[in-house]
Amino acid sequence: MEPEFLYDLLQLPKGVEPPAEEELSKGGKKKYLPPTSRKDPKFEELQKVLMEWINATLLPEHIVVRSLEEDMFDGLVLHQLFQRLAALKLEAEDIALTATSQKHKLTVVLEAVNRSLQLEEWQAKWSVESIFNKDLLSTLHLLVALARRFQPDLSLPTNVQVEVITIESTKSGLKSEKLVEQLTEYSTDKDQPPKDVFDELFKLAPEKVNAVKEAIVNFVNQKLDRLGLSVQNLDTQFADGVILLLLIGQLEGFFLHLKEFYLTPNSPAEMLHNVTLALELLKDEGLLSCPVSPEDIVNKDAKSTLRVLYGLFCKHTQKAHRDRTPRGAPN
């Protein structure tokens, strides 16, 4: 990818260099927030509300945060904030001056945060590296999670989502794609998407869920038989995105080059890449009636997995029915 193209895509100001290939390890990814996303009113409002909340919480400590990017990365503010919210004492030095000691402090704090939120490290939308590198999206995900856990009545802007650009280092060079990142959830009837059949099914007729799963599994196995694949557990076997991509390829006639996805994903990030690609393909074909988070599929959420497969199931079972019906036959 040419540097000039990266400048245009990322809308980088003069003097700010786009990433060189050597800056990213093979398969490595980096997210960028273009200026248009940073200036989004809801995005700015979310930062304002979180800063006011932090400053009010840490008023007794005489700590004032003016920038979430510049003031949170070293763990000092996060350390004090989490101790006050969780009402506990962490075994970490109060003042850390070197990069090594700051990273150690941040590691201690984030491990405690993840335990409190009952998250495995791979489930968290933040990491020591991303926070320390002043990644604003990671910092916001972390602060929103803390606010939801310790002050659920805090009035955060709803349905905050921003467009981000990811740059990935591949064998053929740098590859970019635009994605939408969800920072806060829907909360009002106005914000929420319309409920679909699975909201009603899980709520009103949970005893029928297994029958629906069985019908979809039978459909999937019929289509995957020619590839020598089969599915026994719908909840878990689609989590890495591989079978889902192969199924979409079979049904929709897509040829997916092996360079485009991970055939044997070895990490949650690689699984997330596969699932995100699958959802983009389905969305392009008009087969997603409700928004589905790729993280939910990776985390083996049964309702989200059923939503994704149901669109394919309906389209292709109806098509098979039409193909079997003689032309001119009475209804």
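**Strand pairing, cores and surface of a predicted model**

Lys29 has Glu168 in strand 2 as its bridge partner. The structure is a predicted model, in which local features need pLDDT of at least 70 and side-chain atom pairs count only at pLDDT 80 or more, while totals for chains, interfaces and linings use all residues. Residues are numbered from 1 along each chain as its sequence is written, and side-chain values use heavy atoms, with hydrogens and water left out.

The chain holds 15 helices and three strands; helices (H or I, at least four residues) and strands (E, at least two) are DSSP runs, numbered from the N terminus. Strand 1 (residues 29-32) pairs with strand 2 in the antiparallel sense over four bridges, where pairing requires that DSSP finds at least two bridges between two strands. On strand 3 (residues 173-182), strand 2 finds another antiparallel partner, over ten bridges. One of the pairs here joins Ile167 to Ser176 in strand 3. Two residues lie between strand 2 and strand 3, which form a hairpin. Strand 2 is mostly covered, with eight of its ten residues buried; buried means under 20% relative accessible area, exposed over 50%, and partly exposed in between (1.4 Å probe, protein chains only).

Strand 2 (161-170) also gives two or more residues to the largest nonpolar core, as do helix 3 (41-57), helix 5, helix 6 (99-116), helix 7 (128-132) and helix 8 (136-150). A nonpolar core is a set of buried Ala, Val, Leu, Ile, Met, Phe, Trp, Tyr and Cys residues joined through side-chain atoms within 4.5 Å. This core has 45 residues, and those with the most contacts inside it are Leu50, Trp53, Ile54, Leu68, Leu143 and Leu146. Helix 8 gives the most to it, with nine residues. Beyond its neighbours within four places in sequence, Leu146 is in contact (heavy atoms within 4.5 Å) with Trp53, Leu81, Phe82, Leu85, Val113 and Gln151. Another core, of 35 residues, lies apart from the largest one and includes Ile216, Val275, Ala278 and Leu309.

The chain as a whole exposes about 18,800 Å², of which carbon and sulfur atoms supply 51%; accessible areas come from the Shrake-Rupley method with a 1.4 Å probe, and for residues only the protein chains shown count as cover. Of the 331 residues of the chain, 45% count as buried.
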